[in-house]
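Hello,

Here is the structure I promised to hand over. Please have a look at the sequence and the coordinates first; my notes on the interfaces follow.

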Amino acid sequence: MWKFTVRRLLIMIPQIIALSIVIFVLAQMMPGDALSGMIDPNVDPERLEELREKHGWNDPWYVQYADWVGGLMQGDLGQSFRFKMDVTELIGQRIVNSFWLSLATLLFTYLIAIPLGIISGRYNDTLLDQTITGYTYIGFATPLFIFGLVMLWVFGFMLGWFPTSGSVTPGLEAGTFEYFVSKVNHLILPALSMALITTVSTVQYLRNEIIDTKQRDFILTARAKGASESRVYNRHILRNSLLPIAAFFGFEITSLIGGTIFIENIFGYPGMGQLFLESITMRDYTVVTAVTLLFGIASIVGALLSDIILSLVDPRIRIK
Amino acid sequence: MAFLEVKDLKVHFPIKGGIFGRTVDHIKAVDGVSFELEKGKTYGLVGESGSGKTTTGRAIIGLNNITSGSVTYEGQDITNIRRAKSSVRKDIQMIFQDPYSSLNPKKRVLDIVAEPIRNFESMTKKEERIRVQELMELVGLSPESILKYPHEFSGGQRQRIGIARAVALKPKLIVADEPVSALDVSVQAQVLNFMQDIQKELDLTYLFIGHDLGVIKHMCDHIGIMYRGRYVEEGTVNDIFTNPQHIYTKRLVAAIPDIDPNKRAEQRAFRKEVQTEYEQSFNDYFDEEGLAYDLKPISDTHLVALPEKG
Amino acid sequence: MSEKLLEIKDLRTSFRIKDDYYAAVDGVNLTVNKNEVLAVVGESGCGKSALAFSVMGLHTRAKIEGNIMFKDKDIANISPSDLNKIRGKEMSMIFQDPLTSLNPLMEIGEQIAEVLLLHNKQLSKEQRKEKVIELLNKVGIPRPEQVHGQFPHELSGGMRQRVMIAMAIANEPELLIADEPTTALDVTIQSQILELINDLKQDMNAGIILITHDLGVVAEMADRVAVMYAGQIVEIADVHTLFTNPKHPYTRSLLNSVPNSNEAQDKLHVIQGIVPSLQNLPREGCRFSARIPWVAESEHEDHPELHEVNDGHFVRCTCYKHFDFPDNEEEQQHGIS
């Protein structure tokens with residue numbers, strides 16, 4: 001088991017190096033830089049050239065890459081031109097918000113997926129199942145950003161049940177109970193909007209797993225033992241069907257990243273996704289590369305988590 | 001010169017392990033197997049699951065890589081059959097165990113049977129069609145059915161389509177890997193009879209891989225018994241069934257269910273006796289690793305894996 | 001006269017295909033006595049497994065008509081909770097493929113303990129474990145303490161089938177149904193498993209229904225044999241009679257198509273045509289008639305019934321009186337398909 005984990009961790013190293021090179025090269029290829037749009041057009045072009053030289057932007061790419069990686073190693077992600085602060089610090093503020101949003105979304109995703117998937121799989125081809133499957137099809141077909149906007153409009157503006165932007169009501173002091181309540185309150189609507197859409201793949205996956213497991217031979221054995229229908233479901237079918245769902249968990253992280261970019265912008269939620277889009281429009285490339293790198297690493301870690309979870313819960317893999 | 005000669009054949013599969021996934025050990029699926037096929041005869045390769053019999057057959061036809069040893073076909077070295085001359089590759093064909101999964105369900109029978117023809121011969125569409133129709137007739141299926149798909153046929157018919165494909169190029173040697181194991185008895189009889197018929201008609205040589213000793217006895221002239229990648233005994237049908245010498249062979253033969261219910265008690269007692277002997281003398285017949293020794297001749301046709309000193 | 005344990009009366013098990021029901025088991029009458037092995041033989045598609053599943057109540061989407069009297073209860077018409085009190089306790093089943101029949105994610109010990117737990121709530125966890133070890137010992141599994149904590153994929157095929165048997169005999173059932181228990185196993189393992197079933201039979205005084213396609217297994221194990229074709233029983237006899245004096249054309253054809261290890265045969269007998277699929281089963285007249293076309297139609301019954309030709313020896317239809325193998329087997333063979 002530890003061998004497997006160590007090997008899996010070692011594989012991550014070349015993956016991350018490759019990822020960092022790709023991101024860096026892509027960033028280099030992007031047109032313009034932070035100076036081309038931000039500064040007064042009357043400024044002397046030679047002065048700009050001087051600035052570029054000073055920041056090392058005229059060096060060959062590998063020198064710049066080495067500088068960049070060297071910085072990364074020390075936790076220095078560079079300077080944001082727009083916010084005039086360290087990217088590390090900037091991301092540090094945002095990443096906490098994104099973390100809570102992702103966690104809340106995951107929680108909702110499973111709270112919706114598990115009961116719906118179970119009902120749908122157990123009573124497959126009934127009206128109830130068809131209703132749930134119908135929902136999943138609608139979920140697949142609905143673009144997240146439109147659904148998010150509708151939710152915001154209905155529950156945020158029309159009904160006024162939830163705040164419409166930010167991560168906390170300004171003026172509250174951190175650590176107080178009101179602060180906590182306000183945080184949660186800001187989370188619910190964006191997290192629920194995202195979960196309602198992203199959960200549909202998990203619902204279908206679980207449904208198919210249950211239908212598949214239902215027809216396996218060992219279910220006959222369980223029935224032949226005299227196990228009641230509810231025991232057959234709880235002891236045998238569910239346990240075996242939830243296993244691939246657990247393994248799927250790591251990959252959920254990847255799909256969350258895509259989702260947060262939309263959701264955070266729609267709900268004005270100050271997280272990584274919002275930062276990412278803002279930085280692109282502002283050509284704040286140090287921030288863009290840093291955020292992309294973090295997203296990439298999160299995906300790789302997600303895949304790692306999936307593998308490790310699977311090897312923990314499945315005895316057929318655990319032995320190796 | 002033997003028709004096909006397999007000499008000291010070894011097929012080892014690597015076991016990956018450790019942090020870097022290096023090869024830490026080998027599974028010796030086939031470990032030093034030698035035998036010869038006689039033209040026009042059927043040679044049975046018998047063993048239980050994991051004995052290496054299927055791997056041996058697949059290695060000859062080039063579906064498994066040969067680690068060491070040699071395969072000679074009519075005097076030509078074909079150890080690396082994938083690089084061998086196409087005339088040789090045409091001569092050796094295979095019939096697979098499961099007629100349900102070995103035929104591509106999305107292809108028509110015409111395309112399935114014509115596939116080897118297209119690979120090796122250049123024929124016009126019309127010639128090809130006529131050839132396939134002839135083949136269908138040869139295997140006892142109606143020539144009109146060449147536009148059907150595999151699922152429209154029964155198990156036995158499918159296996160005959162598999163045979164039609166195997167004999168399409170007029171091969172000389174067919175490796176038949178458990179060709180009837182997936183079939184019902186009456187269908188099995190059909191396929192076995194048919195295999196014998198076309199053997200006569202086309203002067204075929206079979207390497208018949210199987211685990212059902214009743215079928216093996218019915219079909220084969222010579223038999224080799226494998227256990228854990230090695231031979232334990234080789235001989236004619238008579239040698240093996242009436243005069244088994246190795247304890248493993250004895251046990252295998254004793255285990256065949258007898259179709260006569262009156263011999264039940266007798267058979268049971270005999271089996272117990274053999275089992276006791278097997279347990280007591282296991283160390284006399286196998287080395288420290290539990291593997292068989294090298295074959296020693298005890299008559300012109302009969303070889304048994306016995307240790308150096310009797 | 002031996003004591004009757006199970007009596008199947010006019011059982012009809014039908015499956016729905018599109019909008020119609022098709023009977024896979026079509027009017028079967030059968031009894032199983034205590035301390036007896038009844039073999040049910042036939043090729044795939046003859047309905048033998050459907051019959052076994054009907055007795056165990058394992059069909060989830062089939063229509064079952066008729067009665068299955070197990071001791072004094074009609075288990076074909078019984079509530080699921082009452083059936084669950086019987087299954088695993090008074091009757092149990094062994095399946096064909098022990099690998100897929102065991103839960104891959106559950107320890108062996110837990111799987112066997114489950115059947116104890118379900119039918120005997122008094123046992124403590126420790127007592128159950130003790131009993132499981134005892135059972136593993138009984139079915140000849142070496143190092144039972146270790147196997148207790150292992151998973152199915154860690155055992156060999158033979159060991160897995162022993163686990164299945166341990167599970168089946170855990171509550172000392174009176175009826176044991178074995179559905180092709182050795183088909184997935186090697187021949188030496190097969191003989192060991194059959195030996196084990198034999199030993200246990202003498203131990204338990206149970207009735208055993210052995211479902212198989214292998215006539216060798218029948219000859220070694222059975223007391224009585226029922227031959228099935230196209231959903232019906234075509235012949236029943238004690239094992240000696242069936243092998244020495246078979247009557248029905250299907251039984252005789254089947255016996256002639258097996259490569260017999262005792263005597264050299266030139267050609268195996270081939271039954272013409274194919275086993276019809278469930279939708280194409282002939283529902284009228286003699287169901288085997290299409291496969292013996294040289295027997296005149298007039299020699300079959302219109303509504304073939306089982307006739308008692310000897311004490312306890314029943315044959316369906318009158319065609320057996322006129323049946324003989326054609327002289328020219330060659331000719332018969334090329335007439336196929």
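Predicted model: local features only at pLDDT ≥ 70, side-chain atom pairs only at ≥ 80, totals over all residues.

Between chain A and chain C there are 14 residue pairs in polar contact, with both residues at pLDDT 80 or more. On the side of chain A that touches chain C, three helices each supply at least two residues: H9 (217–224), H10 (229–266) and H13 (315–318) of chain A. By class, this side of chain A has 10 charged, 7 nonpolar and 6 polar residues.

The rule finds 4 salt bridges across the interface of chain A and chain C. One of them pairs A:Arg235 with C:Glu110, at 4.0 Å from N to O. Please note that 4.0 Å value if you plan to apply your own cut-off.

In residue terms, 23 residues of chain A are in contact with 30 residues of chain C. Chain A and chain C bury about 2300 Å² between them. Carbon and sulfur atoms give 57% of that area.

Next, chain C and chain B.

The contact takes 45 residues from chain C and 40 residues from chain B. The buried area is about 3700 Å². Here carbon and sulfur atoms give 49%.

The polar side of this interface can be listed quickly. There are 13 residue pairs in polar contact between chain C and chain B, again with both at pLDDT 80 or more. The rule also finds 4 salt bridges across the interface of chain C and chain B. Among them is the one between B:Lys272 and C:Glu195, whose closest N and O atoms are 3.6 Å apart.

Which elements give two or more residues to the side of chain C that touches chain B? They are helices H8 (187–204), H9 (215–221), H10 (239–244), H11 (249–257) and H12 (329–334) of chain C. H8(C) gives the most, with 8 residues. By class, this side of chain C has 18 nonpolar, 19 polar and 8 charged residues.

Last, the inside of chain B.

Chain B is divided into domain 1 (4–228) and domain 2 (229–310). Taken over C-alpha atoms, the centres of these two domains of chain B are 28 Å apart. Contact involves 23 residues of domain 1 and 21 residues of domain 2 of chain B.

The two domains of chain B bury about 2000 Å² between them, and carbon and sulfur atoms give 60% of it. Which residues in domain 1 of chain B lose the most area to domain 2 of chain B? They are B:Leu213, B:Ile225 and B:Tyr227. Together they account for 38% of what the domain 1 side buries.

How many salt bridges are there between domain 1 and domain 2 of chain B? The count is 0. Polar contacts do occur: the rule finds 13 residue pairs across this domain interface of chain B, both at pLDDT 80 or more.

On the side of domain 1 of chain B that touches domain 2, these elements of chain B each supply at least two residues: strand E2 (22–37), strand E3 (42–46), helix H7 (213–219) and strand E9 (222–227). E2(B) gives the most, with 7 residues. By class, this side of domain 1 of chain B has 13 nonpolar, 4 polar and 6 charged residues.

Best wishes

Key: Residues numbered from 1 in each chain as written. Chains lettered and ligands numbered in written order. Heavy atoms only, no water. Contact = heavy atoms within 4.5 Å. Buried area = accessible area lost by both parts, 1.4 Å probe. Salt bridge = Lys/Arg side-chain N within 4 Å of Asp/Glu carboxyl O. Polar contact = N/O pair within 3.5 Å; in protein donor to acceptor, adjacent residues only side chain to side chain. Helix = DSSP H or I, 4+ residues; strand = E, 2+ residues; numbered from the N terminus. Nonpolar A, V, L, I, M, F, W, Y, C, P; charged D, E, K, R; others polar. Domains from an automatic or database assignment.
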